[in-house]
Amino acid sequence: MTDTRSKRIVLTGAAGGIGTMIRPLLAPLYPGLVLSDRVAPPNLLAAETFIAADLTKPDEVAAAVEGAHGVIHLGGHSVEGSWDTILQANIIGCYNLFEAARQAGVERVIFASSNHAVGFYPRKRRIGPDVTVRPDSRYGVSKAFGEALGALYADKHGIAVTCLRIGNVGPRPIDVRRLSIWLLPQDLVQLIQIGLEHPEIRFEILYGASDNAAAWWDNARARTLGYRPVGRAEDHRAHAEAEQAKVGPDPVGDLFQGGTFCSAEFNNDVKHAGP
Ligand code: 15L
């Protein structure tokens with residue numbers, strides 16, 4: 001474990017929302033941390049190393065991951081977008097990342113997947129990491145693609161890949177849906193540490209959720225690997241319910257785990273949607 005900590009670890013999407021939250025938590029754990037994004041974070045510290053890379057440009061991605069032991073891949077488009085946006089950032093960009101990692105001899109990749117890869121599962125159903133994907137958006141499809149790509153690079157090339165189906169990262173759950181899927185940044189860092197350091201990792205899909213009593217996900221595999229989340233969504237229920245009261249009901253989104261990602265552009269009958 002200690003050995004990994006001195007090695008070069010590249011964080012893509014370092015200037016994004018999640019990257020910004022976990023940078024200060026990763027820095028003391030991994031002194032060899034290298035930040036990457038298209039543009040440097042505005043608050044880059046003198047002690048931090050940054051390499052600019054556009055995920056759609058294979059040469060830039062190759063330069064960013066050169067010499068790395070591990071990559072934490074948060075980069076890409078983080079919400080629903082046009083097909084071209086998703087195609088460039090999350091399909092081509094993700095392929096470029098895994099391919100550059102293979103060519104550079106990277107040993108471990110953490111892929112930031114999303115709950116939206118399985119967003120059309122009903123809220124009343126508890127799911128594990130082995131269910132068939134049911135994406136709720138083009139974004140969700142791109143995350144399912146990234147998981148499949150990760151499996152390919154694990155099985156064919158021996159990269160140890162951990163896909164984290166991340167819920168919603170932040171200091172506290174921001175509405176009732178997030179009481180089920182909230183992930184405290186410190187808990188995300190724990191999951192990343194497992195992916196970078198656990199000796200048994202070959203290919204894993206883990207849920208990126210804290211200790212949420214209202215969870216929809218069975219995260220037993222993460223616990224077996226040593227995950228001990230400290231965030232407890234129920235401690236923030238009053239806040240989440242107060243925030244929820246400010247928004248109206250969503251007759252489609254409220255039925256499914258993906259919420260508004262399910263109701264956007266929806267023109268099906270809810271009885272025929274989801275498994
Ligand atoms: C995600 O995957 C998004 O990146 C984030 O912006 C949130 O929308 C989150 O899912 C969520 O479902 O709350």
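Modeller: Let me begin with the polar contact, which is a pair of N or O atoms within 3.5 Å; within protein, one must be able to donate a hydrogen and the other to accept it, and residues adjacent in sequence count only if both atoms are side-chain atoms. The backbone nitrogen of Arg177 lies 3.3 Å from a polar atom of the Asp175 side chain, and 3.3 Å is within the 3.5 Å of the rule. Please keep in mind that this is a predicted model, in which local features need pLDDT of at least 70 and side-chain atom pairs count only at pLDDT 80 or more, while totals for chains, interfaces and linings use all residues. Residues are numbered from 1 along each chain as its sequence is written, and side-chain values use heavy atoms, with hydrogens and water left out.

Colleague: Why is Asp175 called buried?

Modeller: The word buried means under 20% relative accessible area, exposed means over 50%, and partly exposed is in between (1.4 Å probe, protein chains only). Asp175 has a relative accessible area of 15%, so it is buried. Its place is the loop between strand 7 and helix 6, where helices (H or I, at least four residues) and strands (E, at least two) are DSSP runs, numbered from the N terminus. Contact means heavy atoms within 4.5 Å, and, leaving aside neighbours within four places in sequence, Asp175 is in contact with Ala240 and Gln244.

Colleague: Which residues lie nearest the centre of the second largest pocket, and what makes a space a pocket?

Modeller: On a 1 Å grid over the protein atoms alone, a pocket is an open set of points with protein on both sides within 12 Å along at least five of seven lines, whereas a cavity is a set of points where a 1.4 Å probe fits but cannot get out; lining residues have an atom within 4 Å of a point. The second largest pocket is lined by 16 residues, and Asp175, Gln244, Val247, Asp254 and Thr260 lie nearest its centre. Helix 6 and helix 9 (237-244) are the elements that give two or more residues to this lining, and helix 6 has the largest share, with 3 residues. The volume of the second largest pocket is about 280 Å³, a volume being the space filled by probe spheres set on the grid points, which are joined across faces, edges and corners.

Colleague: How many residues line the largest pocket, and how do they divide into classes?

Modeller: The largest pocket, with a volume of about 880 Å³, is lined by 42 residues, and Leu74, Gly76, His77, Ser78 and Val79 lie nearest its centre. Ala, Val, Leu, Ile, Met, Phe, Trp, Tyr, Cys and Pro count as nonpolar, Asp, Glu, Lys and Arg as charged, and the others, Gly among them, as polar. On that rule the lining of the largest pocket divides into 17 nonpolar, 19 polar and 6 charged residues. Its largest share, 4 residues, comes from helix 4.

Colleague: How many cavities of 30 Å³ or more are there, and which residues line the largest?

Modeller: The count comes to 1 cavity of 30 Å³ or more, and about 40 Å³ of space lies in the largest cavity. His73, Gly75, Ala89, Asn90, Cys94, Phe111, Ser142 and Lys143 line it, and helix 4 supplies the largest share of that lining, 3 residues.

Colleague: What makes a set of residues a nonpolar core?

Modeller: A nonpolar core is a set of buried Ala, Val, Leu, Ile, Met, Phe, Trp, Tyr and Cys residues joined through side-chain atoms within 4.5 Å. The largest has 28 residues, and Leu11, Ile22, Leu26, Ile72, Leu164, Leu188 and Ile192 have the most contacts inside it. Helix 7 (185-197) gives the most to this core, with 6 residues. Not counting residues up to four places away in sequence, Leu164 touches several residues, including Leu188, Leu191 and Ile192. A second, separate core of 22 residues includes Ala68, Ala100, Leu149 and Ala154.

Colleague: Is Glu204 buried or exposed, and what about Glu265, buried or exposed?

Modeller: Glu204 has 9% relative accessibility and therefore counts as buried, whereas Glu265 has 58% and is therefore exposed. Glu204 is placed in strand 9 (residues 203-208), and its side chain makes a polar contact of 2.6 Å with the side chain of Arg221. Glu265, in the segment after helix 10 (260-263), has a positive phi of about 65° although it is not a glycine.
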